[in-house]
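Student: I would like to learn how to read an interface between two chains. Where do I begin?

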Amino acid sequence: MTAKVLVVDDEPGIVVALRFLMEQDGYVVATADSGEQAMAALDRFIPDLILLDIMLPNIDGFQVCQAVRAHRSAQSARIVFLTAMDRQIDMDKGLAMGADAYIVKPFANAEVLDTVRRLLSR
Amino acid sequence: MSLNRLFRWMAAGLLLLCLGILAGLAAVLRQGIDPAQAEVISSILHNHVWHFIATALALTLLVLIAIEAIWHYLINPVGQLIEETTLIQKANSSHRIRIGGNPDMQRLAGAINTLAESCQQSRDQVDDRICQAKAETEGEKNILAAIVAELPEGILICNAEGRILLYNPLAVTLLTGNPGQGGGEDRYIGLGRSVFGVIERHCIAYAIDTVSRQLENNSRDVVVPFAVQGGNGKLIRVEAVPVLDHHRRFSGLILLLNDISKDLEKDLDQNRRQRHQTRLLRDALAGIRAAIEAILAYPAMTDDQRRHFYRIIHEQVIKLGQTAAADSVADQHHWLARWPRLPMRFADLALTLTQWSREKLGVGLSPAGSITVDAWVQVENYSMLMTLVYLLKCLQEETGLSQFNYGFEGKTPLGTFDLVWPGPPVPVETLRRWADQALVVGEQQLELTPGQILAFHGSEFWSGGLADRSGHAFLRVLLPTATASPEGEVIRSPAILPQSRPEFYDFDLFNQPGQVPEVELRQLTELSYTVFDTETTGLDPQNDEIISIGAFRIVNLRLLRDEVFDQLVDPRRTVPASSTRFHGITSDMLIGKPPIETVLGRFHQFAVDTVLVGHNVAFDMRMLQMKEKASGSVFINPVLDTLLLSAVIHPAHGDHNMEALARLLGIRVVGRHTALGDALVTGEIFLKMIPLLAQKGITTLRQALAASRKTYYARLKY
């Protein structure tokens, strides 16, 4: 079954690039440009993996992560933080919050692809 | 004319008179007798000439013995009485007269002693009352002195002539590089010393000129900043604030000193980084822009060319990403370095947190699970403790619990402090609300939010469920960890109020008259002195060497025990055992010490603009002179010798050695036959001598030098 990837980022350029990348690799992709949209999408989309920015307006990526982990249907989704927050403590916090991977922007497409493939192959 | 001299003249006169009378009698008799009688007398004289000579000698001896006895029993005791009564009055009120002589003189001495005893008791009572009255004022002065000593800025105050009136230990460290003994190798700060010894004259002149112009223009801002090179190559920012008298005339400068070396280095470093970053940014953007514009402008370019431009864009973007990552780390370090943090044992932090939680919140805190026992954290103690207590308060309100466990793992660079409780974790949005709220615990409030305080520490906090899924949750706060002894931190000891008047300020010096070209015309009470002593390998200036120099300064009649010169010297030969028995210095103790050429240069600087004082100082000065050529240090200071001065003050006393003088003047001898110990005793002796010299009409340096030259001991040469 084709894996489903949810891309959450408020930067349109990044959303376009990531969508293109994921679709090229054969995944079904949905996007959201805010934390609220992302949480609303969980019910209808139920992603296998979420590429999640942290610094979103209003509801940030940490809150979305916590909401995913508490969601009855989506709680087992893999979460990859894709963020400009590059401090070690941000990474520690992100992984402690329940993320499966943490990639700092600007990212290499190959790194994102490898991480997605690795996490979805488990 | 003194009594002794008068007696001598009278005795000589009397003797001559007797001889004159005898000669006259002989002449008269000779004229009144006839030749036959003269013949008989001549024959008698000739036959008994030796009897007559012996009788004459015996009579002369008897007369001299009588004169000596009169002098010893009547005249000398009077002179002694005068000297010792003056000593009691001027220098040593506990001294009591013990003289020989006739019983009446001894009874007079006894009466004077009784009077002295009674005067001393009265004086002691008055002194006690004065002391009590002054205690409060002194206490305030001492608090001021302690505050000045502990200021985080160096402070130095000088009068209009540049003489130092006040300084604190930090000023010494900043300007000389040596926190102890008032100075570094060739720079000294001390009361009465010239500020030009540590700050370039033209800088002070510039400050004075600028201040004068600002005052003339009635400017409100009269602070003049400038920078100078301090000790150990530091760059020191100096702010000069003028001191005006009540006529608004310039009377001195307050110099505030700060070490800006580190800050300057950091700012320069950041500036360099920013310029580098801007250059990289511009280069990368230029490359990207050129490539994109080429692609857009030439849609017909070949695929290879297009791919080449794409590669260029890709490479430049990667470079930008690397630059951004590096700058982010550097900025963090730069920013965190400014937040005041000190190392603290985690155990102490936990203890205080437990106490505060109990007292302020009624919340119990117990250690549980893994705790790194000997860990150190580096935090701003008060704000971090308040933050942790505040988070406990929030947890208490959120969970309804009053008992929490805690654990700590001292990982580097951030340790993990966990508060644990049974229940679900705290939602992220709740944590964010806590982070942004005002930090209020009971009646205590901080201006910063918990989020800001944690950010200033480079810290974070979050909540989650425990991995063992026991139904427990945690609130984790990251705490920066530290080693126990950080490098470069300034150790701040407690400020101890001095018992006696501290020696780093003397505002009396403000009003001292200016330097007179002729130092010899100045009053002894106004001059500054360097009291010194040397220890040597022997007593031969030609062949022996100096092995120790000890010195103190006297300024404004105060012996400054904090401004000390105490240096052992490598004589470049062995120290004879006979010499070691005297002063205790062995050859081993001198290994690695600087040679005399170096030490003399430093001593020369220490003693600049002072009168040199020593006991039997002719020997010490000869030793110094023998090394003038080799060291390049020529001591042209005026020199006073307490041995000679004692002979001036107490000519009747036979013993002018240091111990006898100290006993006479009521001074305790400590460290005898050490250079520093002897210098100290000499200094105290000298201070007692000044009023005694004044009693003899000797008040200026010239008078003291002239009187010294006339004593017998001045004939001693080395």
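**Reading the interface**

Tutor: Begin with one pair of side chains. This is a predicted model. In it, B:Glu460 and A:Lys93 form a salt bridge through their side chains, at 3.2 Å from N to O.

Student: How many salt bridges are there between chain B and chain A?

Tutor: The count is 3.

Student: Which elements give two or more residues to the side of chain B that touches chain A?

Tutor: They are α8 (303-336), α11 (428-436) and β13 (461-465) of chain B. Of these, α8(B) gives the most, with 4 residues.

Student: How do the residues on that side of chain B divide into nonpolar, polar and charged?

Tutor: There are 8 nonpolar, 6 polar and 3 charged. In total, 17 residues of chain B are in contact with 15 residues of chain A.

Student: What describes the size of an interface?

Tutor: Accessible area lost when the parts come together is often used. Here chain B and chain A bury about 1300 Å² between them. Carbon and sulfur atoms account for 56% of that area.

Student: What about chain B as a whole?

Tutor: Chain B has 20 helices and 19 strands. It holds 718 residues, and 42% of them count as buried. Its accessible surface is about 39400 Å², with 57% on carbon and sulfur atoms.

Student: And contacts along the sequence of chain B?

Tutor: Take contacts between residues at least 6 apart in sequence: 67% of them join residues at least 24 apart.

Terms used:
Residues are numbered from 1 along each chain as its sequence is written. Chains are lettered from A and ligands numbered from 1 in the order in which they are written. This is a predicted model: local features need pLDDT of at least 70, side-chain atom pairs count only at pLDDT 80 or more; totals for chains, interfaces and linings use all residues. Side-chain values use heavy atoms; hydrogens and water are left out. Contact means heavy atoms within 4.5 Å. Buried area is the accessible area (1.4 Å probe) that two parts lose on being put together, summed over both. A salt bridge is a side-chain nitrogen of Lys or Arg within 4 Å of a carboxyl oxygen of Asp or Glu. Ala, Val, Leu, Ile, Met, Phe, Trp, Tyr, Cys and Pro count as nonpolar, Asp, Glu, Lys and Arg as charged, and the others, Gly among them, as polar. Buried means under 20% relative accessible area, exposed over 50%, partly exposed in between (1.4 Å probe, protein chains only). Accessible areas come from the Shrake-Rupley method with a 1.4 Å probe; for residues, only the protein chains shown count as cover.
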